[in-house]
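Here is a short briefing on one protein chain. Keep the sequence and the 3D view open as you read.

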Amino acid sequence: MADGEPTRSLQHEQRALRVSMAVSVALAVVALVWGLAAGSQVILLDGVYGILGLGLSWLSLRASGLAAGGPTPRFPFGRESLVPLVVGVQGLALLGTLIYAAVEAVRVILDGGSDVAAGGLAAYGAVSGLACLAAYGYLVRRGPRSDLIRAEAAVWLAGAVTSLVITVGGVVALLLGTTAWRGAQAYADSVLVLLSCVMLARLPVRMLRQAASELLESAPEPAVQQLVRDVVERVRAAEDLPEPVLRTSKVGHKLYVEVGFVVPPGRWDVADEDRVRRTLRDGLAALPYTPWIVVELTTDPELVL
């Protein structure tokens with residue numbers, strides 16, 4: 001990877017996260033004021049969700065800067081694990097918010113519902129949904145290869161889904177008010193909260209699984225594994241090396257590649273090993289990650305197991 005590319009990627013990532021924070025502040029203020037004025041539980045949930053998103057955006061921004069700092073005496077392999085750790089914190093926070101909102105919605109339903117203006121629900125949902133979709137589209141364009149930005153975009157997409165549910169629910173409640181079922185309007189707000197929680201439940205679960213997978217140093221996505229295998233195979237064929245033992249894992253922005261070759265004694269030296277490593281490094285430069293490459297040429301098969 002070119003020297004300037006990681007720096008540009010970091011700058012784009014941090015700029016996108018700052019924009020996300022700014023939009024979070026604006027929407028959270030609007031939701032809290034609107035929700036208090038309308039007495040709407042689901043709009044207040046959206047406001048709390050926005051405040052949560054603001055805190056998590058700051059956490060993502062901080063993690064991005066620390067992870068880009070590289071190795072230090074205390075952290076000789078860098079702090080890339082902060083990236084999946086922050087994604088996991090985002091997932092836990094979102095899951096906790098959804099659980100609390102669902103429990104509170106059930107309590108309100110059991111108490112007989114609440115009086116909320118259906119028109120206000122529909123209007124808020126439309127405004128919030130457009131803003132969430134705009135933020136989601138911006139983040140997707142700015143950082144399709146950044147785990148932090150993808151996690152941030154997923155939160156905005158979830159917000160857009162919630163807003164859509166609010167809009168549809170508000171319209172339905174308005175229509176119910178013109179029928180003999182007008183009494184059901186009192187439950188519309190809480191039912192919308194429950195629907196939003198159900199629809200969003202998969203998102204924090206997916207974020208937690210991704211974070212746990214990377215923290216346990218699992219292999220990267222299949223497309224990245226295939227590219228690494230292709231590069232290693234080209235190097236192996238060019239250098240007339242035997243079949244290697246190949247291990248890969250991804251943590252944050254860093255891709256760990258370990259390649260071991262069992263070679264005949266007396267034919268290979270350190271300069272040959274360096275040449276193989278440089279060739280692998282150049283072949284992996286197109287990846288959107290920072291490769292950490294270890295190449296081992298040994299005559300002892302037990303040393304590469």
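In α8, the buried residues are Val224, Val228, Val231, Val232, Val235, Arg236 and Glu239. Seen down the axis of α8, these buried residues fall within an arc of 135°, so they line one face of the helix. This is a predicted model.

**Helix α8**

- The buried residues of α8 pack against β1, β2 (254-262) and α9 (270-283).
- The face of α8 turned away from its buried side carries Pro222, Ala223, Arg234 and Ala238, which are exposed.
- The length of α8 agrees with expectation, because its 18 residues should span 26 Å at 1.5 Å a residue and its end C-alpha atoms are 26 Å apart.
- Just after α8, aspartate 240 takes a positive phi of about 55°.

- β1 and β2 run antiparallel and are joined by 7 bridges.
- Across this pairing, lysine 250 stands opposite leucine 255 in β2.
- The hairpin of β1 and β2 has 2 residues between the strands, and glycine 252 takes a positive phi near 65° there.
- β2 and β3 (residues 290-298) run parallel, with 9 bridges joining them.
- Between β2 and β3 the chain passes through α9, and this β-α-β crossover is right-handed.

**Nonpolar cores**

- The largest nonpolar core has 24 residues.
- Val42, Ile43, Leu121, Val193, Leu203 and Met207 have the most contacts inside this core.
- α2 (41-67), α3, α4 (118-142), α5 (147-176), α6 (185-200) and α7 each supply at least two of its residues.
- α5 gives the most to this core, with 6 residues.
- Leucine 203 touches Leu94, Ala154, Val155 and Ala158, leaving out residues up to four places away in sequence.
- A second, separate core has 20 residues, including Leu255, Phe261, Val295 and Leu297.
- In soluble globular proteins, nonpolar side chains tend to be buried together.

**A buried glutamine**

- Glutamine 90 lies in helix α3 (residues 82-110).
- Is glutamine 90 buried or exposed? Its relative accessibility is 1%, so glutamine 90 counts as buried.
- Glutamine 90 is in contact with Leu56, Ser60, Ala151, Glu152 and Met207, leaving aside its neighbours within four places in sequence.

- Most residues other than glycine have a negative phi, and most peptide bonds are trans.
- Glutamate 217 has a positive phi of about 60°, although it is not a glycine.
- Where is glutamate 217 found? Glutamate 217 sits in the loop between α7 (202-215) and α8 (222-239).
- Glutamate 217 counts as exposed because its relative accessibility is 56%, and the cut-off for exposed is over 50%.
- Aspartate 240, a residue other than glycine, has a positive phi near 55°.
- Aspartate 240 is found in the loop between α8 and β1 (245-251).
- At 58% relative accessibility, aspartate 240 counts as exposed.

Key
Residues numbered from 1 in each chain as written. Predicted model: local features only at pLDDT ≥ 70, side-chain atom pairs only at ≥ 80, totals over all residues. Heavy atoms only, no water. Helix = DSSP H or I, 4+ residues; strand = E, 2+ residues; numbered from the N terminus. Buried < 20%, exposed > 50% of the residue type's maximum accessible area, 1.4 Å probe, protein only. Contact = heavy atoms within 4.5 Å. Expected span 1.5 Å × (residues − 1). Arc of directions from axis to C-beta. Pairing = 2+ DSSP bridges. Right-handed = clockwise from strand over helix to strand, strands pointing away. Core = buried A, V, L, I, M, F, W, Y, C linked by side-chain atoms within 4.5 Å.
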